[in-house]
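Subject: Structure for your review

Dear colleague,

Please find the structure below, followed by an account of what was found in it. I would be grateful if you could read the two side by side.

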Amino acid sequence: ARAKALELRLRTAQSAEERIKQAYRIVFGRDATADELRLGREYTAIGGNAWLSYAQVLLSSNELVVVN
């Protein structure tokens, strides 16, 4: 449900790169690095349910679990 909600929020962005940037701001509270943008573009270029899957990947990230 969280991944679907995130994917729906990302639909407002004009381009794949803007969607990825928006996702990083929402999920991690920071900008995506150049490598993260590249990987995100590659991942979501597969089509189908790629954006929903990408949202799930971000929400499952260790960055959300690890506390310094």
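**Glu7 and its partner**

Glu7 is buried, at a relative accessible area of 10%; here buried means under 20% relative accessible area, exposed means over 50%, and partly exposed lies in between, with a 1.4 Å probe and protein chains only. Its side chain meets that of Lys4 in a salt bridge, with 3.3 Å from N to O. A salt bridge is taken as a side-chain nitrogen of Lys or Arg within 4 Å of a carboxyl oxygen of Asp or Glu. Lys4 is partly exposed, at 38% relative accessibility. Both residues belong to helix H1 (residues 2-10), where they stand three residues apart, about one turn of the helix.

**Basis of the model**

The model is predicted, so local features need pLDDT of at least 70 and side-chain atom pairs count only at pLDDT 80 or more, while totals for chains, interfaces and linings use all residues. Residues are numbered from 1 along each chain as its sequence is written, and side-chain values use heavy atoms, with hydrogens and water left out.

**Overall fold**

The protein chain has four helices and zero strands, in the order α-α-α-α along the sequence. These elements are DSSP runs numbered from the N terminus, with helices (H or I) of at least four residues and strands (E) of at least two.

The radius of gyration of the protein chain is 11 Å, which agrees with the value near 11 Å for a compact globule of 68 residues. That radius is taken over C-alpha atoms, and the globule rule is 2.2 Å times the number of residues to the power 0.38. The C-alpha trace spans about 35 × 30 × 20 Å along its principal axes.

Of the 68 residues, 34% are buried. Among contacts with a separation of 6 or more, 44% join residues 24 or more positions apart; a contact means heavy atoms within 4.5 Å. The protein chain exposes about 4,500 Å², of which carbon and sulfur atoms supply 52%, with areas from the Shrake-Rupley method and a 1.4 Å probe.

**Charges and further salt bridges**

Side chains of opposite charge can pair when their charged atoms come close. The protein chain carries 10 positive and 8 negative side chains, and the centres of the two sets lie 7 Å apart. Lys and Arg count as positive and Asp and Glu as negative, without His or the chain ends; each charge is placed at NZ of Lys, CZ of Arg, CG of Asp or CD of Glu.

The structure holds nine salt bridges. One of them joins Glu36 to Arg30, with the closest N and O atoms 2.8 Å apart. Glu36 is buried at 18% relative accessibility, whereas Arg30 is partly exposed at 24%.

Asp35 and Arg38 also meet through their side chains in a salt bridge, at 3.9 Å from N to O. These two residues are three positions apart in helix H3 (residues 34-44), about one helical turn, and Arg38 is partly exposed, with a relative accessible area of 35%.

**The network around Glu17**

Salt bridges link Glu17, Glu18, Lys21 and Arg41 in a network. Glu17 lies in helix H2 (residues 16-28) and is partly exposed, at a relative accessible area of 30%. Beyond its neighbours within four places in sequence, Glu17 is in contact with Leu37 and Arg41.

With kind regards
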